[in-house]
Each structure stands twice: as C-alpha cells, then as structure tokens.
Amino acid sequence: MNSLKALGNEFDICVLGNASTGKSSLILHFLHNAFIEQESSLEDLYIKDIRNGHIYNQVSVLDTSSSIDSYSSSRKQQILNTASIIYVYSIDDYESFVGIVELHERIQTLRPSLPPIIVVGTKADLEQRQVSSDEAQQWAESIGALNFSECSSKRGVGIDEAFDPLIQYLLVSKREKVRQQSIISLGQIQRELVLNPQTPDTYETASFTGDDVLVNKVLEEVAKETPARVHQQRKREAHTKGDKCCVIV
Ligand SMILES: Nc1nc2c(ncn2[C@@H]2O[C@H](COP(=O)(O)OP(=O)(O)OP(=O)(O)O)[C@@H](O)[C@H]2O)c(=O)[nH]1
Ligand SMILES: [Mg+2]
C-alpha cells in the first residue's frame, strides 16, 4: 500500500531510524518470515493479519525511508498518526543509536503524550559491535519503552520477540476500542427498538470483532427491550461475521 495513504489515516506501527539500519529487512522478515534484500529505500505501508485465537486482526506497519527529510511535514504527520513507534538502530553503528536518541527528543516535542514505543537493535549477527546491549536497554527504560530487544533479520533471530510485546499491546487496545464502539451500537439498537418497535428484524452493529460476552449482552438487552415483539417461534440469535455483529430478533 502506498505510504501516502498513511498521511491521512491512522495506522498502527511507524518504524523509524537512520539510513541502512535494517528497518525494511526487519519489517519484511516480520511479514514474510524470510530475509529479503530490498533494492530501494521507498516508504511503504504494509498490512499483516494477526491471528489471536479465533479472531483475526490487521496491523498496519509503516516502513519509513531515510531519504525523506525527518523534519518534513509528511514525517511529522506520520508521527502524529501512528498508534505506536519502533525505534531501530544497528548494533554495529553508534551513530544510528544517537540518531534514535535525537529523534526521540524531537518526537517528545511533537507528541507530549507519547504512544507505546519499542527499541530494536538490528544486525545482532555482526561482530563489530559499537552499541552495548546495556546502554541501549538503559536508554529504552529511561524513555519508558515497552520493550528493548536485539535481532538479526539475516539469521532470522529475535524478530517475533521484537514485535510481540507491541502487537499484544495493540491488539488489546484495538479490542477495547471495538468494545466501546459496540457498546455505543448496542445503545443505538435499544433506542431504535424503543422508538420504533416495527423496525426490521435484523440489526447490525458497527465494527465488532467476535466477542462472545458482548454478543450475549446484546441478546439479553434486546430481549429485555422487546418482550412484545419476540414470538415464541422466532429465532433470536447473534452472529459475528468479519468485523460485524448481526442481531436477529
Ligand atoms: N548483517 C546484517 N545485515 C543486515 C541485517 N538486516 C539488514 N541488513 C543489511 O543492511 C542493509 C540495509 O538494510 P535495509 O533493510 O535496507 O535498511 P533500511 O533501514 O530499510 O534502509 P533505508 O530504507 O535506506 O533507510 C542491507 O544491505 C541489508 O542486507 C542483519 O540482520 N544483519
Ligand atoms: Mg528501507
């Protein structure tokens, strides 16, 4: 997906760091489970389906390009639009570590309320280390990062471990957001039933991702509000399909 889309929309993860730190390799390994050399350093917005039990969620990842001025208005917009940030530095390049430290100072001025952040040291397979794990770990803790880890896209080591804490955090907040939307939708269904008991039998709530507890709650509430309408022979069900919840009374 073209990264320009990210300018107008909110997305989940923005991966930031100096040139050639291995951002694209890290993202591509996370997406395709393989080390993929990317010729260009174009920006791109990727979508990954994440399975959590019987529920699928989509997570969008913006691969930023170091060829774009980090003080540009588009970069500023990306930073404002993202739900979380991954800072990437390369363990064999101290300058790249300084790069994320300085970037963080700037981001603090743009977003006083910081999104969740993880710090990733890439190219852990290389022996010419310039950034110690301790220093990076301490810095990550000092900025309140959710997690710090090192990985090697080349060897395929530590990739999922790097993303996991952030993905779990994002899934929980997505679920909570959807729950809030569903509760609003439930209120709308109830109001509709009270105001117009002759309304069609099928109601769809907005953006709802299979939550059995909530489905039961919708059924209970609908039954409470519509005793006169519920005929013995009529089915009363709630189905979830994709990101919708459909209630039939
Ligand atoms: N040894 C080693 N090399 C890596 C690793 N990950 C990436 N590289 C190499 O580092 C170089 C830069 O990787 P990219 O993933 O393109 O880096 P980038 O941060 O996306 O670069 P820009 O998009 O130009 O900012 C490439 O030559 C990769 O092959 C790794 O884990 N180990
Ligand atoms: Mg790149």
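The model is predicted. The protein chain contains seven helices and nine strands.

**Overall fold**
- The protein chain has 249 residues, and 34% of these count as buried.
- Among contacts between residues at least 6 apart in sequence, 71% link residues at least 24 apart.

**Around ligand 1**
- There are 19 residues around ligand 1, and those that come nearest are Gly-22, Ser-24, Ser-25, Ser-41 and Ser-66.
- Helix α2 (residues 23-32) supplies the largest share of the shell, three residues.
- By type, the shell around ligand 1 holds twelve polar, five charged and two nonpolar residues.

**Helix α4**
- Helix α4 runs over residues 94-110, which makes 17 residues.
- At 1.5 Å a residue, α4 should span 24 Å, and this agrees with the 25 Å between its end C-alpha atoms.
- The buried residues in α4 are Ser-96, Phe-97, Gly-99, Ile-100 and Ile-107.
- An α-helix has 3.6 residues a turn, so residues three or four places apart point the same way.
- The buried residues of α4 pack against β1 (11-17), α3 (73-81), β4 (82-90) and α5 (133-142).
- Glu-95, Glu-102, Glu-105, Gln-108 and Thr-109, on the other side of α4, are exposed.

How values were computed. Residues are numbered from 1 along each chain as its sequence is written. Chains are lettered from A and ligands numbered from 1 in the order in which they are written. This is a predicted model: local features need pLDDT of at least 70, side-chain atom pairs count only at pLDDT 80 or more; totals for chains, interfaces and linings use all residues. A residue is near a molecule or strand if its C-beta atom, placed from the backbone, lies within 6 Å of it. Helices (H or I, at least four residues) and strands (E, at least two) are DSSP runs, numbered from the N terminus. Ala, Val, Leu, Ile, Met, Phe, Trp, Tyr, Cys and Pro count as nonpolar, Asp, Glu, Lys and Arg as charged, and the others, Gly among them, as polar. A residue is buried if 20 or more other C-beta atoms lie within 10 Å of its own, exposed if 12 or fewer, and partly exposed in between; C-beta atoms are placed from the backbone. Two residues are in contact if their C-beta atoms, placed from the backbone, lie within 7 Å. The expected span of a helix is 1.5 Å times one less than its number of residues.
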